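Here are a few quick notes from my pass over this one. Have a look at the model first, then read on.

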Amino acid sequence: MSEDKSLNDILEDAKKRMSKSVSVFEAELGKVRTGRASTSLVEHIKVDYYGTQTPINQLATISVPESRTIVIQPWDTGAIAKIEKAIRQSDLSINPSNDGKVIRIVVPVLTEERRKELVKFVGKLAEEYRVAVRQIRKETNNLAKEVEKEKKIPEDQVKRTLSKIQEVTDSFIKDINVTLERKEKEIMEF
């Protein structure tokens, strides 16, 4: 029974690691700018706040009152200039404005060329995460084969585990593909 536990532990570890890869992929896609406003575009940007690099979402309330406008309301109005500077220096290529109390960002419409570039970029990003999931599968398969040798587990048990590992891998690859399709549609919308 302890042999089963070892194989099950290996399988569960693979599921956790693959799930984390998919979650990180989704978070990365959230940072990709589309023609639509989203809090995820700016919340990760770090601001030099009293000598500490602090994400904007820890300094302010971020909202999307309209489909193309992001409003950032800092809890400390003294941080407005620093937040504005951090947004300008980010790779978003957007220009914020403030009225002394809140920062407004109008998300410009993307050109067709830029949309196509973004679709290529997210496609490459998706492939990187598919490779990461496959790498986890490879490592997990190797661990299962080592356990077979060390503990003299029957070959059919290991084959069942390897089959389950492949099913899990296929499931997470599918999740990445579905998320990618959704993001591509979002980017190409006008």
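**Salt bridges and one buried threonine**

1. Arg114 and Glu117 sit three residues apart in helix H3 (residues 112-151), so about one helical turn separates them. Helices here are DSSP runs of H or I, at least four residues long, numbered from the N terminus. Their side chains meet in a salt bridge, 3.2 Å from N to O; the term means a side-chain nitrogen of Lys or Arg within 4 Å of a carboxyl oxygen of Asp or Glu.

2. Before going further: this is a predicted model, with local features needing pLDDT of at least 70 and side-chain atom pairs counting only at pLDDT 80 or more, while totals for chains, interfaces and linings use all residues. Residues are numbered from 1 along each chain as its sequence is written, and side-chain values use heavy atoms, with hydrogens and water left out.

3. How many salt bridges does this rule give? The count is 10. One of them joins Glu12 to Lys15, with the closest N and O atoms 3.3 Å apart; both residues lie in helix H1 (residues 2-30).

4. Arg17 pairs with Asp13 at 3.9 Å between the closest N and O atoms, and the two are four residues apart in helix H1. Glu139 joins Asp13 and Arg17 in a salt-bridge network.

5. Thr169, in helix H4 (residues 155-188), is buried at 1% relative accessible area (buried is under 20%, exposed over 50%, partly exposed in between; 1.4 Å probe, protein chains only). Beyond neighbours within four places in sequence, Thr169 contacts Met18, Val133 and Arg137 (heavy atoms within 4.5 Å).
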